[in-house]
Amino acid sequence: MRKSVIVCAALIAVIVVILLSVIFSNKSGNFYSRKISIDTLSGMTVQQRSEDLDLLCSQLESNVPMLYDYEKLYGISCSDIKEYYKSLAENTQNDFEYYAAVSGFLNNIPSTHMSLGFPLISSADEEFRPALAANRSFVNAQNYWFDVIHEECKKYYVTDIQPIIFAYYSGSYICVSEDDANEINRAELISVNDIPADEFIKLRSMTAKIKYDHAKQKPFRDTIVFNDAVGEKCIIEYIDVYGEKHLCEVYFGADLVMNYIGYFKQLDGLAEPDAPDAVPVPKTDHTVIGDMTVTKNKEMNILLLCIDGFVSEASDGKVIANVIKAASEDIDNIIVDLRNNRGGYFEYAKGLLGAVSYKDIEINNSVYITEECYKRSPQKSEYVLDEPTGLYRSENKEIIKGEMTQGKNVYLLISDHTASSADMAVYEFKRGCLGTVIGTNNTAGERDGILCLNYSDISGLYYTYTEYSSYNDDGTVSSVYGTAPDIYLDTGIENYFIRKEIVQKGGDPYTLENMLKWDSVLAETVEFINKRADDT
């Protein structure tokens, strides 16, 4: 009897192992064991670069359902993007230039989940690392591209490169550089080689991703980076703080080198590790718990929670809910700041939703994928063909239990950085009329986006994206339009310089007192709360 039990147990164990191996093979063994053809001794030919970009475009078209939905809003067609970067790829002089072109290409697609991965296995998301590390050709390709970037950066070790950075604020590009030799600091960029700044940013290869300003109704980049020594020579026109126009010769196109050169100098022992920031005044008015900073001010009658991600286990959904419940007991107004929250675990976002709601929240959402993704999906039965879109649709229905027992005034602060599961929280918060959403559109929200990873079988360059798309109640695509605030508030360039001055004087810019000096969105939200209290 005991022997037969052991035999049965052994058979069951074998079956389980076989099933697990089949499941693993379907999920990663096949998809991430594809052999990469790049010759890591000689690099890529011009033809291979052209074919590699074609392959990348084909992969995106097969797996990204909202790829063409950006065109109408942004005024930039995917065909124009492909033609521009196809020409760029075919005219690159070396593999580093091609790497920069691919990075720029992916940054011209507004998807918040899409970016080129840095060529190290340790840089890939931990979910994908085991399968990728088992693929020797993939590992070799990453080592090759790592060396390519390293060698390019080494060319400029003895060059003193001074960045000239224009940051986008309230519809304009304002210089925030340290060097003020040409009185360029705080100046407004007008044009580059006679091309208006708003047009210049549309196709050019940049490390800053293209986004959309829904208030000014135009595409933008967070930054445009020039320098005084390396790259393509160009002439910029700008207006200084006195209203005078100037022309200045600068260089463009070396932002990747400037991003990486410090890292590789340290790697080669030619630079000291970055020194820590000056020790600020002790943080006496707030507590940090994982991704969450908690500030309570009874005199102002507010509880401020800045949640910069839904990733840390130290501030998971239950912790967020418990903190809100305990800290808001004698407070009427809760401000939840999601302006720097790029997302993370959906369960954490749901914990936040439940914590700020006195009623149960019913989620009834549809998720769309391409035919190619549908063919690979192990849950085909959950999808049906949606003929109007040509995509496959799956319904998502669930109830999030409301945990709040006392009525509170809740405000969510959002920006164009709020994305993925953070966008889901904002969208359901607004749809459920749970409070007031304040800030700027979290364009490219992708509230149902789940991080996916793929790579080119030629170059081995890998990138992230999401294969899920969803629609807002008004029929707009979440990835394109995000969730609009109830009250539109933006920050101006003066906020940046006030904050910088606080840091230079050794202060902590994130105490509530100092935040109200430079964070105009938070300050105006507090004013709105006070006015609301006075009116009642």
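Between which strand and which helix does the loop that holds His417 lie? His417 sits in the loop that runs from strand E18 (409-414) to helix H13 (421-431); helices (H or I, at least four residues) and strands (E, at least two) are DSSP runs numbered from the N terminus. This is a predicted model, in which local features need pLDDT of at least 70 and side-chain atom pairs count only at pLDDT 80 or more, while totals for chains, interfaces and linings use all residues. Residues are numbered from 1 along each chain as its sequence is written, and side-chain values use heavy atoms, with hydrogens and water left out.

- His417 has a relative accessible area of 27%, so it counts as partly exposed (buried is under 20%, exposed over 50%, partly exposed in between, with a 1.4 Å probe and protein chains only).
- Leaving aside neighbours within four places in sequence, His417 is in contact (heavy atoms within 4.5 Å) with Lys211, Asp222, Arg339, Asn340, Asn341 and Arg342.
- Thr112 is 305 residues from His417 along the chain, yet their C-alpha atoms are 8.6 Å apart.
- The second largest pocket has a volume of about 1,200 Å³. Its lining has 42 residues, and those closest to the centre are Tyr169, Asn340, His417, Thr491 and Trp518.
- A pocket here is an open set of points on a 1 Å grid over the protein atoms alone, where a 1.4 Å probe fits, with protein on both sides within 12 Å along at least five of seven lines; lining residues have an atom within 4 Å of a point. Grid points are joined across faces, edges and corners, and the volume is the space filled by probe spheres set on them.
- Strand E2 (163-169) gives the largest share of this lining, four residues. Elements that each supply at least two include strand E6 (210-213), helix H15 (493-504) and helix H16 (512-518).

- The largest nonpolar core has 89 residues, and Leu60, Phe105, Phe226 and Ile236 have the most contacts inside it. Such a core is a set of buried Ala, Val, Leu, Ile, Met, Phe, Trp, Tyr and Cys residues joined through side-chain atoms within 4.5 Å.
- Helix H7 (residues 136-154) contributes the largest share of this core, eight residues.
- Apart from this core lies another, of 35 residues, among them Leu303, Ala321, Val410 and Ala422.
- Beyond four places in sequence, the contacts of Phe226 include Phe166, Leu189, Ile236 and Tyr251.
- Asn227 is found in strand E8 (residues 223-227). Asn227 is buried, with a relative accessible area of 0%.
- Contacts of Asn227 beyond four places in sequence include Gln162, Ile164, Tyr251 and Met258.

**Strand pairing**

- E1, E21 and E20 form an open antiparallel sheet of three strands in the order E1-E21-E20. Strand E1 (115-116) and strand E20 (451-455) are at the edges with a single partner strand each, so one side of each has no neighbour in the sheet.
- E20 and strand E21 (residues 462-466) pair over five bridges (pairing requires at least two DSSP bridges), and Cys452 has Tyr465 as its bridge partner.
- E11 and E12 run antiparallel, joined by four bridges. Their hairpin has two residues between the strands, and Gly290 in the turn has a positive phi of about 60 degrees.
- E12 also pairs with strand E13 (residues 302-307), antiparallel over six bridges, with Lys296 opposite Leu303. This hairpin has four residues between the strands, and Asn301 takes a positive phi near 65 degrees.
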